[in-house]
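User: Can you walk me through how to read bonds and contacts between side chains? I'm new to this.

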Amino acid sequence: MDRRSFLTAAAAGLLAPRAGTSRRTLRADPFTLGVASGDPSPGGVVLWTRLATDPLGGAGLGGMPSRDVDVGWQLAADERFSEIVTSGTVTARARDAHSVHVEVEGLDPGREYFYRFRAEGRLSPEGRTRTTPAAGVETPLAFAVAACAHFEHGFYTAYRRLAEQEPDLVVFLGDYLYEYAPSGYTALSGKRVRTHTPGKCATLADYRLRHAQYKSDRDLQAAHAAAPWLVAFDDHEVENNWAGPVSSTGAPAFARRRAAAFRAYYENMPLRRGSLRGAAIQVNRRVSWGSLARFHLLDTRQFRDDQACGDGVRSGCDERLSTGRTLLGDGQWRWLEDGLQGSDTRWNLLGQQIMMTHRDFRAGPGRDVNLDSWDGYAPERTRVLNALSGTANPVVLTGDAHMHHLADLKTDFDDPDAPVVARELIATSIASDGDGYRDRTWIAESLAENPHISYMDQRRGYLMARLTGDELSVDFRTLDYVSRRGAPARTSHRTTIPAESA
């Protein structure tokens, strides 16, 4: 910190220790994992940080001492922190890997704010956040959609480009990290540009260490500091293709491993404190943007039945058509149905992890489908689409596929004349599968096999969307490479979805 910053912070009381505490000083900067915010409301937001003087220190504890540490926080109306709106002190507990979740309340709706933390004389980077508009207020929204960021497969330039666009909100739809041991999952490009922490994640220490490694990336930190995030996990935050209580690999003590992964996920994400519930975690939730839009975030892992027919991309699996199979679970299904029926916003955005549209992976006669996606739970998909059909301006936001897709969702994908219920926007990966490509011949064959899909792109990137009461405009942003830093991002495709009349 320079002298001017120190004097400004001292004048605001940010560097003063809490009464009754000693002036113990940490050996190094504890804010190496950056700052983040999330789950905004009209009157508040969650502020997050996690102290780590040595992110890759042993046992996943970030080189921190075994004692608790008091952390001061400030929220200001301006970047210079000359107008402090609210502040406080919270304890970063050693048992929680020194993570901090501050649930700020009493803020003005629809406002931009800036925040920072201090711990034992050291000041964090600054973050930008905002509250959502008040109920009944229709305010335009710029939001990004991202997913799938394998650390070994590429640099996080896409996060940096996303941050540069200064969205109001970031929706992250899973595979924030990957659990594999080094080289446990080879990119399509065959290149490994960075190396995971040792071993496959199995214990709480393993997951904490892996989160710290990912969070140490400055481009990811920039994306978190740029805007509040809505986060939901997919499979790799725990284990590839896990399903409810079932390990895809038959791993022993999977319940314990899953609970450890959930705990580490909570410790490293800007989630509300009530989201961690013993050995379970709640990520299905709703966030409204005034009267303009409501985000319905789903959990497509924790409550699902095991994948049909042994999982994978297969043909001829009648089990996937069973009406008794569930992906959402009964409780979450009722929650979703009630939320869609009770929504009074102009748009309804369903954020979820796996491809909802039907996709035939086989060119020519026959049909191969991915049984881990909604194709493996086809009757429940129909039930969800029927619910969406009675909802104002539904749009499905999806990750997982490592390719951009734009698709029409129908209750009958085999009928070209069936009405379109909603549009699905699938974001490609931030880095997973390494340097992308654009195989025009393969794309043409895939689109011909799946006429309800109108656009595909295998390059890395994210979605940048602008929403008003009249339309949703979406830029499919792509980067030509992630195996080295500095790639520019460009809009490779743009679509506009007009709002239907009320």
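Analyst: Let's start with burial: buried means under 20% relative accessible area, exposed over 50%, and partly exposed in between (1.4 Å probe, protein chains only). By that rule Arg294, at 17%, counts as buried. Keep in mind that this is a predicted model, where local features need pLDDT of at least 70 and side-chain atom pairs count only at pLDDT 80 or more, while totals for chains, interfaces and linings use all residues. Residues are numbered from 1 along each chain as its sequence is written, and side-chain values use heavy atoms, with hydrogens and water left out.

User: Which residue forms a salt bridge with Arg294?

Analyst: A salt bridge is a side-chain nitrogen of Lys or Arg within 4 Å of a carboxyl oxygen of Asp or Glu. Here Arg294 pairs with Asp344, with the closest N and O atoms 3.8 Å apart. Asp344 counts as exposed, at 65%. By this rule there are 33 salt bridges.

User: What links Arg438, Asp457, Arg459, Asp480 and Arg490?

Analyst: A network of salt bridges. Within it, Asp457 and Arg438 have their closest N and O atoms 3.6 Å apart. Asp457 is buried, at 0%, whereas Arg438 is partly exposed, at 28%.

User: And how many disulfides does a search of the whole structure find?

Analyst: A disulfide is a covalent bond between the sulfur atoms of two cysteines; the cut-off used is a pair of cysteine sulfur atoms within 2.5 Å. The search finds one, joining Cys309 to Cys317 with an S to S distance of 1.9 Å.
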